[in-house]
Amino acid sequence: MAPHLSESLVELRNLTFGYAERVILDNVSLSVPRGKVTALMGASGGGKTTILRLIGGQNRAQSGELLFDGQDVTPMAQKELYAARRRMGMLFQFGALFADLSVFDNVAFPLREHTGLSEALVRDIVLMKLNAVGLRGAAQLMPSEVSGGMARRIALARAVALDPELVMYDEPFSGLDPISLAIAARLIRELNDSMGLTSIFVSHELTETFAIADHIIILANGKVATQGTAEEVKRSSDPLVYQYVNALPDGPVRFHYPGPSVQEDFGREQAA
Amino acid sequence: MSWYKPADVGLAVRRQLADMGLGARLLLRLLLTSGPTFRRFSLVRDQIHFLGNYSLVIIAVSGLFVGLVFGLQGYYTLQRYGSSEALGLLVTLSLVRELGPVVTALLFAGRAGTSLTAEIGLMKAGEQISVMEMMAVDPIQRVLAPRFWAGVIAMPLLAAVFSSMGVIGGWLVGVVMIGVDSGSFWSQIQGGVDVWQDVGNGIIKSVVFGVAVTFIALLQGYEAQATPEGVAAATTRTVVLASLTVLGLDFILTALMFVI
């Protein structure tokens, strides 16, 4: 059916994106291998979340191509874009559950919007998806009654409700306690393998990320600093990557924000 | 002191135009997506319940008190000319033609409009609008359009409740308390109120106000900055803009209705 079942599900080719005064992604080319778990890492404000939004067509690149399964997302009109988005699931940083719907109805939402399935079937699918994230028992709770980690797992069940090909996670680990973090990491890996997904996640957690990701891409200054397996990335000779993967406070990314020199600010010349 | 600099004036004008363009586009998309919205009428029905039912108490009580006060004030003036039997007609015409639609719209903006703006704004702040877009569900069609039509449908109904309660208030003061003749009170209303000229124009007004108030509330929520401060500011803007728009539109509509 698919005319070109290439190695990568998502591919960025010479992609540039920025706002009026600031370039976020500068001529970036990268690819996300099909069926694998890919991690996007890099300093805050480095354009990781922007890449997810570009893949989903919520932001449009100024130049270059962004191929999702061989089709360029950038010039798509709403109808085509919605067709492409149906094949993607996205997990937002804080879950973004619909506050006025129960956990069950949240997961049922995409099914009810996009399929004409009977309520009995919807119920079975929803409970299956909730079971996969370990929260079948929480189906009747309201979003206000669940913890942050649970909210994200529910949102994950909702994101995979329609069996997408690609799942994107925006900082799935931020602000989680160690147990929830381990659960989240295991879920990303297990869902990817059991459902035959392609996963992309944005993360700052070095240990968890290196443990579960097949492919790691580190962005810096709007470009890809390095990419490869965990071992390859750790061995990278790039000083910036070295600073990042070893979590050093000072390096190419300075500890001090650029400003006048210490002498100037503290007026040593005048004292002398 | 630089507000009169040509560049600043130009920027302000361009911003205003851009805002108007955004508003016009949203209204157009709301109208274009109405077909699917009406096919899933349960969504609209739930919102009519939410917007209409929950506004019912404030509308009914306000209507009653406006009628009570109107009964007293109207009697005070009319009895000077020995025509206190016309009290029913005075109260009814004022309510049906003017006060019913206008005061209902102002109260609706305060009660339902603010809750709409806050709801949409908070959905935006919580990324619920984005998540819906990512699920390939159009938030304008799924979230905004049902609320829009619910507001448009609820407004004339609420205005009718307001006016009815007002007439009852006028009757309580005029007939029950002061002792105006009950027969002439009601027969003057029957004879003097025209279905098309008076009631019809009142309904047209409240439908127009329904469109205006609900649309302003939705636009402010949808364009709100996705922060707590942004939502608070948007809620305030809804009340101010909707109230001024209702009063402005009311004058235009009344003037047109006198001419036609």
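This is a predicted model: local features need pLDDT of at least 70, side-chain atom pairs count only at pLDDT 80 or more; totals for chains, interfaces and linings use all residues.
Mentor: The expected span of a helix is 1.5 Å times one less than its number of residues, where a helix is a DSSP run (H or I) of at least four residues, numbered from the N terminus. Residues are numbered from 1 along each chain as its sequence is written, and chains are lettered from A and ligands numbered from 1 in the order in which they are written.

Trainee: How far apart are the end C-alpha atoms of helix H9 (residues 228-259) of chain B?

Mentor: Helix H9 of chain B has 32 residues. At 1.5 Å a residue, the helix should therefore span 46 Å, and the separation of its end C-alpha atoms agrees: 46 Å.

Trainee: Against which helices do the buried residues of H9(B) pack?

Mentor: A residue is buried if 20 or more other C-beta atoms, placed from the backbone, lie within 10 Å of its own. Among the buried residues of H9(B) are B:Val231, B:Ala234 and B:Thr238. Their partners, judged by contact (C-beta atoms within 7 Å), are H4 and helix H8 (195-222) of chain B.

Trainee: What is the handedness of the crossing of H4(B) and H6(B)?

Mentor: The axes, lines fitted to C-alpha atoms over the stretch in contact, come within 7 Å and cross at roughly 145°. The crossing is right-handed.

Trainee: What average pLDDT does chain B have?

Mentor: In chain B, 99% of the residues score at least 70. The chain's average pLDDT is 92.

How values were computed:
Axes are lines fitted to C-alpha atoms, for helices over the stretch in contact, and angles run from 0 to 180 degrees between N-to-C directions. Helices (H or I, at least four residues) and strands (E, at least two) are DSSP runs, numbered from the N terminus. A crossing is left-handed if the near helix is turned anticlockwise from the far one by less than a right angle, and right-handed if clockwise. A residue is buried if 20 or more other C-beta atoms lie within 10 Å of its own, exposed if 12 or fewer, and partly exposed in between; C-beta atoms are placed from the backbone. Two residues are in contact if their C-beta atoms, placed from the backbone, lie within 7 Å. pLDDT is the predictor's confidence in each residue, from 0 to 100.
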